[in-house]
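Welcome! Here is a short tour for anyone meeting this structure for the first time. Have a look at the model, then read on.

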Amino acid sequence: MNLTISKLLAAYREGSVTPRAVVDYIHQQSSQYDAHNIWIHRLTLDELQPYLDRLEASSPNELPLYGIPFAIKDNIDLAGIPTTAACVEYTYTPNESAFVVQQLIDAGAIPIGKTNMDQFATGLVGTRSPEPWGPCHNAFNSDYISGGSSSGSAVAVSLGLVSFSLGTDTAGSGRVPAAFNNLIGVKPSRGLLSARGVVPACRTLDCVTIFAFNPDDANQVMAVAASYDEGDDYARHNPFDNLPRHYGTPKGPFTFGVPAGDQLEFFGNHSARHLFTDAVEELKAMGGIAKEIDFEPFISAAKLLYQGPWVAERYAAIEGFIKQQPTALLPVINTIIGGAEPLRASDAFKAEYRMQHYRKITADILAEVDFLVTPTAGTIYTIDEVNADPIQLNSNLGYYTNYMNLLDCASVAVPAGFLDNGLPWGITLVSSAFSDNKLLSYAKRWQQHLCLAQGKVGYPFESDSKPSNLLNDSIPVIVCGAHLSGLALNWQLTERGATLLEATTSSPNYRLYALAGGPPYRPGMIRDDANGAAIEIEIWSVPKEQFGSFVAQIPAPLGIGKVETADGRWLPGFICESHAIGYAKEITDLGGWRKYIESM
């Protein structure tokens, strides 16, 4: 069973599978991977029953993530299920789900379970989980680390046990596991995804992250998850040009920054060095223009995360618990967090002054390129190697990640091939805050270029023809009437060089009317959230230079606005002024203009 979101939604709409069958399949598959230590709590069938009951009373056309299974890192709350942060003594059971989890559930997603992690999200290795859980093993080779701290979340996706998962990222925890398990890892701009209901590591820096098989799936999850939360003091509004509706595949040349050669670090892994060199060449083959940048201010900022006073934030997050139960923490966690006790307030201000200097320098560097590209991690280690030297090797893994949230950057980790030892490896695309959809768009172009299999489960990557975004040379337009293929006004599109992208339906929030007048006869589509239905539509790609002349021909009461598709995208399309329906015939029950024409 292919659990990528697009494939699973298509199967639901065809009626070839049900959410209950998907859950049964996941439970059967999960038993094969018990030794990987993926789950802290996998929901029982009884615990899943309310979610399945709700879906059976709904349909795939009503919910954008209908029946999509997902995993939740166990420092993120799910109502009625214990949250442990990988510490037995810390366990509590929340009455409410984290805001971001509730958004996903409301959209139809099914929470399969809570996943293993480095204790209190302190680590990039996935080995810092005590008994009864133990280290989470790499999806490709169980002798190797899975990456942390969001270890179980990444491995669950890679092995095909869920369609996507939630992690968190303070120092790299949403990116390193993606690289080590052949996945997309989205570390959003700080505050874009709510952190309310998340056990904090560093509240000023924490980000909820997404692991997915491909950028399309990640974007679809972001469209739901990136909802502004009034109750999160660190939430930030998403600007218009970063909304998920602007996601696509950018065309044409682009510039990308590359750290100077002597600033790259692979910790003796020659295979990783070769893969990064190859990745730079592949980016050039895609039309990219490489620009060498000074990576030193990024490195200096990264060092302050653990070598500076920000570690005191980790102490502040669980200070009361540490004082009550100091022996509950793993020794390595106690060493890291406990090192904050002697720090003074003046240390924090001095470090903040230095950090602001780095922010200014790095912002200027990022402004000169479309994105910066680095390795996601310079190398990978076995579990035994990390256990023998837990702090230094963990620090090595943060070389390219620790600066990210301190400098207010967004990033997407993408697969980039396999090391000589057969393990996956990846690169990360980086830019300034609120460049999330730009980065996802370039990630999609990268994945289309390489066409690598997805995850350990090896789903084939299939290039699609989804509508382009504002970076492209064309504009997607939704049509619902006489401009449909083969109908009276379709020539107005084809003579302008427009091409059909896909035939689909609107979200189930519209009513359709046959307007007065004609020929040519025209419909009017009106949004009605309370009494709407899904309407047959087509999405056409109109060259930008032809868009103005096309819109100029549209007569009142019709116009171009934003229309929601069945899968939750908001795209330009035909809408109608509400006054016109007073003289129109409602035809919503027919489901589309084509059927109405056939009935005339």
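A residue is called buried when its relative accessible area is under 20%, exposed when over 50%, and partly exposed in between, using a 1.4 Å probe and protein chains only. By that definition Val-198 is buried, because its relative accessible area is 13%. This is a predicted model, where local features need pLDDT of at least 70 and side-chain atom pairs count only at pLDDT 80 or more, while totals for chains, interfaces and linings use all residues. Residues are numbered from 1 along each chain as its sequence is written, and side-chain values use heavy atoms, with hydrogens and water left out.

**Around Val-198**

- Val-198 sits in the loop between β5 (184–187) and β6 (207–212); helices (H or I, at least four residues) and strands (E, at least two) are DSSP runs numbered from the N terminus.
- Contact means heavy atoms within 4.5 Å, and, leaving aside neighbours within four places in sequence, Val-198 is in contact with Asn-75, Ile-76, Thr-168 and Val-208.
- Ser-97 is 101 residues away along the chain, yet the C-alpha atoms of Val-198 and Ser-97 are separated by 9.4 Å.

**Nonpolar cores and a surface patch**

- A nonpolar core is a set of buried Ala, Val, Leu, Ile, Met, Phe, Trp, Tyr and Cys residues joined through side-chain atoms within 4.5 Å.
- The largest nonpolar core has 137 residues, and Val-101, Leu-104, Tyr-403 and Ile-427 have the most contacts inside it.
- Apart from that core lies another of 34 residues, including Leu-512 and Phe-574.
- Beyond four places in sequence, the contacts of Tyr-403 are Phe-295, Phe-298, Ala-301, Ala-302, Leu-372, Thr-374 and Val-430.
- On the surface, Tyr-521, Ile-597 and Met-600 form a nonpolar patch with about 290 Å² of accessible area together.
- Such patches are made of residues with over 30% relative accessible area and no salt bridge, with like charges joined within 9 Å and nonpolar side chains (Val, Leu, Ile, Met, Phe, Trp, Tyr) within 5 Å; the areas come from the Shrake-Rupley method with a 1.4 Å probe, and for residues only the protein chains shown count as cover.
- Met-600 lies in the segment after α19 (593–599) and counts as exposed, at 55% relative accessibility.

**A three-stranded sheet**

- An open sheet has the order β15-β14-β19, with antiparallel pairing; two strands pair if DSSP finds at least two bridges between them.
- β15 (523–527) and β19 (585–586) stand at the edges with a single partner strand each, so one side of each has no neighbour in the sheet.
- β14 (residues 510–514) pairs with β15 over five bridges and with β19 over two bridges.
- Tyr-513 stands opposite Gly-524 in β15 and opposite Glu-586 in β19.
- Four of the five residues of β14 are buried.

**Salt bridges**

- A salt bridge is a side-chain nitrogen of Lys or Arg within 4 Å of a carboxyl oxygen of Asp or Glu, and the whole structure has 22 salt bridges.
- Arg-175 and Asp-169 meet in a salt bridge (2.8 Å, N to O); Arg-175 is buried at 0% relative accessibility, and Asp-169 is buried with a relative accessible area of 0%.
- Arg-190 forms a salt bridge with Asp-408, the closest N and O atoms being 3.5 Å apart, and this pair links parts of the chain 218 residues apart.
- Arg-190, Arg-236 and Asp-408 are linked in a network of salt bridges.
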